[in-house]
Amino acid sequence: MSDAAPDWVREYIGEWRDRLLLAHWRIHLFTHDAPGGDEQTRGMIELYPEIFTANMTLRSDVTAEPDDDWRQTIIHELVHIRLAEISEFVRDDVLPELGPAAERIAGAAFRRALEPAVEALAHTLWSLSNVSVPTEE
Ligand SMILES: [Zn+2]
């Protein structure tokens with residue numbers, strides 16, 4: 001992981017990598033003014049499931065101290081890793097079987113379906129992580 005990101009980001013990724021059972025993944029962390037060429041994008045992930053490697057890029061204004069919005073962005077990107085086998089199956093086994101036009105349409109439809117599901121899972125995981133468990137007295 002890059003030295004450019006604050007320490008809390010690296011620690012948080014490690015914490016959630018374990019929770020999501022992704023310890024066998026290598027996660028490289030980068031920062032960029034405009035991840036994927038879009039300065040509105042807070043984070044993006046590139047997946048290489050065949051070698052259990054992911055490149056996570058966070059926008060370079062990621063806060064020096066822990067921040068809830070950034071925490072949710074990080075969990076969102078890690079959920080993409082958790083679902084990488086599904087994405088890989090669609091990308092490598094389904095889409096290439098279609099003609100070019102159908103491949104483009106189906107690829108866009110898959111991404112449109114995937115993003116809200118990833119966001120819902122990330123939001124739920126983040127919410128659950130903030131629920132305090134009552135202690136027995
Ligand atoms: Zn996403």
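Of the 137 residues in the protein, 20% are buried, where buried means that 20 or more other C-beta atoms, placed from the backbone, lie within 10 Å of the residue's own. Before I go on, please keep in mind that this is a predicted model, in which local features need pLDDT of at least 70 and side-chain atom pairs count only at pLDDT 80 or more, while totals for chains, interfaces and linings use all residues. Residues are numbered from 1 along each chain as its sequence is written.

Let me start with the overall layout. The protein has 4 helices and 3 strands, and from the N terminus on these elements run α-β-β-β-α-α-α; helices here are DSSP runs of H or I with at least four residues, strands are runs of E with at least two, and both are numbered from the N terminus.

Now to the strands, which count as paired if DSSP finds at least two bridges between them. Strand β3, residues 53-59, pairs with β1, residues 26-32, in the parallel sense over 7 bridges, and β3 also pairs with β2, residues 43-48, in the antiparallel sense over 6 bridges. Asn 55 of β3 is the bridge partner of His 28, and Asn 55 is likewise the bridge partner of Glu 46. In the hairpin of β2 and β3, with 4 residues between the strands, Phe 52 takes a positive phi near 45°.

Let us turn to the helices. Two packed helices are described by the angle between their axes and the distance between the axes; the axes are lines fitted to C-alpha atoms over the stretch in contact, and the angles run from 0 to 180 degrees between N-to-C directions. Helix α1, residues 7-19, and helix α2, residues 68-82, have axes that come within 10 Å and cross at roughly 45°. That makes α1 oblique to α2, because angles under 35 degrees count as roughly parallel, over 145 as roughly antiparallel, 65 to 115 as roughly perpendicular and the rest as oblique. Among the residues making this contact are Trp 16 of α1 and Leu 78 of α2, contact meaning that C-beta atoms, placed from the backbone, lie within 7 Å.

What angle do α2 and α4 make when they pack? Helix α2 and helix α4, residues 100-129, pack at an angle of about 125°, with their axes 9 Å apart, and that makes α2 oblique to α4. The contact includes His 76 of α2 and Trp 126 of α4.

Key:
Two residues are in contact if their C-beta atoms, placed from the backbone, lie within 7 Å. A residue is buried if 20 or more other C-beta atoms lie within 10 Å of its own, exposed if 12 or fewer, and partly exposed in between; C-beta atoms are placed from the backbone.
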